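Open the viewer and keep the selection tool at hand. Each stop below tells you what to select and what to look for there.

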Amino acid sequence: PHLKSCGGEPGIVILQYIEEMIELSAVFAVRTIVQVGIGYSKVLEALKGKDLLRYKYLEAVQSSEVDDSDLKNFNHEMLMVYLSLLARFDPSKVLAFLTSKENSIVLEPVLEICRQF
(Lines give C-alpha, C1' and ligand atoms only; values in the text may rest on other atoms or scores of the structure.)
Protein backbone atom coordinates (compact mmCIF):
# COMPACT_ATOMS: atom_id res chain seq x y z
CA PRO A 1 0.00 0.00 0.00
CA HIS A 2 2.77 2.50 0.83
CA LEU A 3 4.48 2.11 -2.56
CA LYS A 4 1.22 2.82 -4.35
CA SER A 5 0.70 5.99 -2.33
CA CYS A 6 4.19 7.19 -3.33
CA GLY A 7 3.83 6.49 -7.01
CA GLY A 8 3.87 2.71 -7.08
CA GLU A 9 7.18 2.15 -8.84
CA PRO A 10 9.94 1.02 -6.43
CA GLY A 11 12.66 2.82 -8.40
CA ILE A 12 10.78 6.12 -8.23
CA VAL A 13 10.18 5.76 -4.51
CA ILE A 14 13.82 4.88 -3.84
CA LEU A 15 15.03 7.89 -5.81
CA GLN A 16 12.64 10.11 -3.83
CA TYR A 17 14.28 8.97 -0.59
CA ILE A 18 17.82 8.36 -1.85
CA GLU A 19 19.37 11.16 0.21
CA GLU A 20 17.99 9.79 3.46
CA MET A 21 18.97 6.24 2.52
CA ILE A 22 22.57 7.24 1.81
CA GLU A 23 22.79 9.24 5.04
CA LEU A 24 21.56 6.22 7.02
CA SER A 25 23.71 3.62 5.23
CA ALA A 26 25.31 4.17 1.85
CA VAL A 27 26.10 0.45 1.51
CA PHE A 28 22.48 -0.50 2.18
CA ALA A 29 21.37 2.16 -0.32
CA VAL A 30 23.68 0.70 -2.99
CA ARG A 31 22.46 -2.85 -2.34
CA THR A 32 18.84 -1.67 -2.61
CA ILE A 33 19.54 0.29 -5.79
CA VAL A 34 21.20 -2.77 -7.35
CA GLN A 35 18.25 -5.02 -6.46
CA VAL A 36 15.78 -2.62 -8.04
CA GLY A 37 17.99 -2.06 -11.09
CA ILE A 38 18.53 1.68 -10.95
CA GLY A 39 21.57 2.83 -12.93
CA TYR A 40 24.37 5.16 -11.82
CA SER A 41 23.18 8.04 -13.96
CA LYS A 42 19.69 8.09 -12.41
CA VAL A 43 21.11 8.03 -8.89
CA LEU A 44 23.64 10.78 -9.62
CA GLU A 45 20.96 12.86 -11.32
CA ALA A 46 18.76 12.51 -8.21
CA LEU A 47 21.75 13.71 -6.15
CA LYS A 48 22.59 16.64 -8.43
CA GLY A 49 24.14 19.46 -6.43
CA LYS A 50 24.76 17.16 -3.45
CA ASP A 51 28.41 16.29 -4.02
CA LEU A 52 29.03 14.80 -0.58
CA LEU A 53 26.12 12.40 -1.03
CA ARG A 54 27.32 11.56 -4.54
CA TYR A 55 30.73 10.79 -3.05
CA LYS A 56 29.23 8.60 -0.29
CA TYR A 57 27.20 6.70 -2.88
CA LEU A 58 30.13 6.06 -5.24
CA GLU A 59 32.43 5.25 -2.31
CA ALA A 60 29.90 2.64 -1.16
CA VAL A 61 29.81 1.18 -4.68
CA GLN A 62 33.59 0.73 -4.47
CA SER A 63 33.38 -0.64 -0.92
CA SER A 64 34.43 -4.18 -0.09
CA GLU A 65 30.98 -4.55 1.49
CA VAL A 66 29.36 -4.54 -1.96
CA ASP A 67 29.96 -7.86 -3.71
CA ASP A 68 29.36 -6.97 -7.34
CA SER A 69 32.51 -6.71 -9.45
CA ASP A 70 30.53 -5.52 -12.51
CA LEU A 71 29.12 -2.66 -10.45
CA LYS A 72 32.62 -1.59 -9.38
CA ASN A 73 33.84 -1.31 -12.99
CA PHE A 74 32.95 2.30 -13.72
CA ASN A 75 32.83 3.54 -17.29
CA HIS A 76 35.22 6.40 -18.12
CA GLU A 77 32.70 9.16 -17.33
CA MET A 78 31.76 7.61 -13.98
CA LEU A 79 35.42 7.05 -13.17
CA MET A 80 36.15 10.75 -13.70
CA VAL A 81 33.17 11.78 -11.54
CA TYR A 82 34.32 9.45 -8.75
CA LEU A 83 37.95 10.58 -8.98
CA SER A 84 36.92 14.22 -8.81
CA LEU A 85 34.81 13.58 -5.72
CA LEU A 86 37.50 11.38 -4.16
CA ALA A 87 40.15 14.08 -4.70
CA ARG A 88 37.85 16.63 -3.11
CA PHE A 89 36.54 14.67 -0.11
CA ASP A 90 39.27 12.11 0.63
CA PRO A 91 42.48 12.89 -1.27
CA SER A 92 44.48 10.36 0.74
CA LYS A 93 42.64 7.56 -1.13
CA VAL A 94 43.32 8.78 -4.67
CA LEU A 95 46.67 7.05 -5.18
CA ALA A 96 45.42 3.68 -3.90
CA PHE A 97 42.38 3.88 -6.16
CA LEU A 98 44.46 4.84 -9.20
CA THR A 99 46.90 2.02 -8.49
CA SER A 100 44.07 -0.50 -8.32
CA LYS A 101 42.72 0.69 -11.69
CA GLU A 102 46.02 1.45 -13.44
CA ASN A 103 45.28 -0.50 -16.62
CA SER A 104 41.90 1.12 -17.23
CA ILE A 105 42.70 4.79 -16.59
CA VAL A 106 43.68 7.44 -19.12
CA LEU A 107 46.29 9.51 -17.34
CA GLU A 108 45.74 13.02 -18.74
CA PRO A 109 42.17 13.60 -17.40
CA VAL A 110 43.22 12.16 -14.05
CA LEU A 111 46.13 14.59 -13.79
CA GLU A 112 43.79 17.47 -14.58
CA ILE A 113 41.44 16.43 -11.77
CA CYS A 114 44.31 16.09 -9.31
CA ARG A 115 45.62 19.56 -10.24
CA GLN A 116 42.25 21.06 -9.28
CA PHE A 117 42.59 19.78 -5.73
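This is a predicted model: local features need pLDDT of at least 70, side-chain atom pairs count only at pLDDT 80 or more; totals for chains, interfaces and linings use all residues.

Select aspartate 51 to begin.

The side chains of arginine 88 and aspartate 51 meet in a salt bridge, 2.6 Å from N to O. Arginine 88 sits in helix H8 and aspartate 51 in helix H6, so this pair ties together parts that are 37 residues apart in sequence. With a relative accessible area of 44%, arginine 88 is partly exposed.

Next, select Glu59, Asp90 and Lys93 together. Salt bridges that share partners join these three, Glu59, Asp90 and Lys93, into one network.

How many salt bridges does the count come to? The count is five.

Pick glutamate 19 and lysine 50. Their side chains form a salt bridge, 3.9 Å from N to O. Glutamate 19 is in helix H3, while lysine 50 is in the loop between helix H5 (40–46) and H6. The two are 31 residues apart, and the pair links distant parts of the chain. Glutamate 19 counts as partly exposed, at 28% relative accessibility. Lysine 50 also counts as partly exposed, at 36%.

Move to lysine 56 and glutamate 23. They form a salt bridge, and the closest N and O atoms are 3.3 Å apart. Here too distant parts of the chain are linked: lysine 56 belongs to helix H6, glutamate 23 to helix H3, and 33 residues separate them. Lysine 56 is partly exposed, with a relative accessible area of 28%.

**A buried charge**

Stay in helix H6, residues 51–62, and select arginine 54. Which side chain of opposite charge is nearest to arginine 54? It is aspartate 51, 4.4 Å away. Arginine 54 is buried yet has no salt bridge.

Show the neighbours of arginine 54. Leaving out residues up to four places away in sequence, arginine 54 touches Leu44, Glu45, Leu47, Lys48 and Leu85.

Then go to glutamine 62, also in helix H6. Glutamine 62 counts as buried because its relative accessibility is 17%. Draw a distance from glutamine 62 to phenylalanine 74, C-alpha to C-alpha. The two residues are 9.4 Å apart in space and twelve residues apart in sequence.

Select residues 76–89, which make up helix H8. This helix has 14 residues. From its first C-alpha to its last it reaches 20 Å, close to the 20 Å expected at 1.5 Å a residue. Colour the buried residues of H8: Met78, Leu79, Met80, Tyr82, Leu83, Leu85, Leu86 and Ala87.

How many aromatic pairs does the count come to? There are two. For one of them, select tyrosine 82 and phenylalanine 97. Their rings are 4.9 Å apart, centre to centre, with 75° between the planes, and the pair is edge-to-face. Tyrosine 82 lies in helix H8 and phenylalanine 97 in helix H9 (residues 94–100), so the pair ties together parts that are 15 residues apart in sequence. Both tyrosine 82 and phenylalanine 97 are buried.

**Helix H4 and the glycine after it**

Select helix H4, residues 26–36. Its buried residues include Ala26, Val27, Ala29, Val30, Thr32 and Ile33. Now step just past H4 to glycine 37, which takes a positive phi of about 90°.

**Zoom out**

Show the whole protein as a cartoon. The secondary structure comes to ten helices and zero strands. Of the 117 residues, 41% count as buried. Among contacts between residues at least 6 apart in sequence, 57% join residues at least 24 apart.

Last, colour by pLDDT. The protein averages 82, and 80% of the residues score at least 70. Where is confidence lowest, and where is it highest? The lowest is helix H1 (residues 2–5), at a mean of 50, and the highest is helix H3 (residues 18–24), at 95.

Conventions:
Residues are numbered from 1 along each chain as its sequence is written. Side-chain values use heavy atoms; hydrogens and water are left out. Helices (H or I, at least four residues) and strands (E, at least two) are DSSP runs, numbered from the N terminus. The expected span of a helix is 1.5 Å times one less than its number of residues. Buried means under 20% relative accessible area, exposed over 50%, partly exposed in between (1.4 Å probe, protein chains only). Rings of Phe, Tyr and Trp (its six-membered ring) pair if their centres lie within 6.5 Å; planes under 30 degrees apart count as stacked, over 60 as edge-to-face and the rest as tilted. Lys and Arg count as positive and Asp and Glu as negative; His and the chain ends are not counted. A salt bridge is a side-chain nitrogen of Lys or Arg within 4 Å of a carboxyl oxygen of Asp or Glu. Contact means heavy atoms within 4.5 Å. pLDDT is the predictor's confidence in each residue, from 0 to 100.
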